[in-house]
Amino acid sequence: MTTRTRRPIADHGTLSRYKHHGCKCETCRAGYTAYQRSRYRRRAYGTWQPFVDAEPIRQHILTLHADGMSYASIAQAAGMYEATVTGFIYALSAKDPRKEKATPEVAARILAVAPDPMLSGWVDATGTRRRIQALAANGWPMSALADFIGVNSGSVNRITRQVRVYADTARAVADVYAKYATASPQDHGIPQWKSDRHRREAQAKQWPDPTWWEDMGHIDDPTFDPKSVERRLNRDELAAVRREEIAHLASYGHEAEEIAQRVNLGIKTTRQILLELRTGERRDRKQAA
């Protein structure tokens, strides 16, 4: 298994570093304490407004997308994960609906993104090609992707070899990727054997999957070489990466059996890690309360 350089996480002392990345260092604890004191004080004065309506954010994203920017490009310009941006457009599941609220910070960063005047006509195919390859790495056959994109399967294969594509094609592929990157092919009628075959083929071609790209970023960057950051993991690093991948997939509602298959780990070990993660989350919530 290969590794990847992790996308930089929030700075020490920020709420995100403490709550979402689980850092309990002295600086992060102090930052969290200061945040809580400020929150209580503002609540007492009636000035506490932790969230804003997401509709203006959603409309701005849709406008940027209609102007030719992919969701990944919007996210990169805003300095956040693509899943954060697409969460305003798509629901992950019935239990995790589309975002209707956002923090003022997230709103300000997305609303500050301006349209990219370079996206018109023919565009670089790097991001489009990588999204198709990543979906294949998750077990999606080219024929199924062709139906979603609105082209024939031969066109999808050809896109994976092109240097440039039409902006409309790039947008269509980006839409399909945003909707199906975390979805199970079996939930959409794809036989397990067919998904397994495409995963093996993608692995042989060293195509990173969507989880890899979400962690790494740069999916639209033609100057970025995924192979340049790969090296062999030692045992501890491999265990840490697998735990992070399991936590990530579990956050999207995937069952233990599918997670085990995706991370190439035994079902008993996967279930044990999930139990440890959930126990740790409950402990952190009690400590933060």
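Helices here are DSSP runs of H or I with at least four residues, and strands are runs of E with at least two. The model is predicted.

**Exercise 1. The overall picture**

Task: State how many helices and strands the protein has, and what share of its residues is buried.

Solution: 
- Step 1. Count the elements by the rule above. The protein has 15 helices and four strands.
- Step 2. Turn to burial. The protein has 289 residues, and 41% of them count as buried.
- Step 3. The accessible surface is about 16500 Å². Carbon and sulfur atoms account for 51% of that area.
- Step 4. Look at the contacts. Take those between residues at least 6 apart in sequence; 68% of them join residues at least 24 apart.

**Exercise 2. Trp140 and Tyr180**

Task: Classify the ring pair of Trp140 and Tyr180, and say which parts of the chain it ties together.

Solution: 
- Step 1. Ring centres must lie within 6.5 Å to pair.
- Step 2. Place the residues. Trp140 is in the loop between helix H7 (126-137) and helix H8 (142-149), while Tyr180 is in helix H10 (residues 167-180). The pair therefore ties together parts 40 residues apart in sequence.
- Step 3. Check burial. Trp140 is buried at a relative accessible area of 0%. Tyr180 is buried too, at 10%.

**Exercise 3. Trp212 and Phe224**

Task: Decide how the rings of Trp212 and Phe224 are arranged, and whether each residue is buried or exposed.

Solution: 
- Step 1. The centres are 6.5 Å apart, with 40° between the planes. Stacked needs under 30 degrees and edge-to-face over 60. The pair is tilted.
- Step 2. Trp212 sits in helix H12 (residues 210-216), and Phe224 in the loop between H12 and helix H13 (235-251). So the pair ties together parts 12 residues apart in sequence.
- Step 3. Buried means under 20% relative accessible area. Trp212 has 5% and counts as buried. Phe224 has 13% and is buried.

**Exercise 4. Charges over rings**

Task: Which ring does Lys99 lie over, and which ring does the charged end of Arg131 sit over?

Solution: 
- Step 1. Lys99 lies over the face of Phe88, 5.4 Å from the ring centre.
- Step 2. The charged end of Arg131 sits over the ring of Tyr177, at 5.6 Å from its centre.

Methods:
Residues are numbered from 1 along each chain as its sequence is written. This is a predicted model: local features need pLDDT of at least 70, side-chain atom pairs count only at pLDDT 80 or more; totals for chains, interfaces and linings use all residues. Side-chain values use heavy atoms; hydrogens and water are left out. Rings of Phe, Tyr and Trp (its six-membered ring) pair if their centres lie within 6.5 Å; planes under 30 degrees apart count as stacked, over 60 as edge-to-face and the rest as tilted. Buried means under 20% relative accessible area, exposed over 50%, partly exposed in between (1.4 Å probe, protein chains only). A charge sits over a ring if NZ of Lys or CZ of Arg is within 6 Å of the ring centre and within 35 degrees of the ring normal. Contact means heavy atoms within 4.5 Å. Accessible areas come from the Shrake-Rupley method with a 1.4 Å probe; for residues, only the protein chains shown count as cover.
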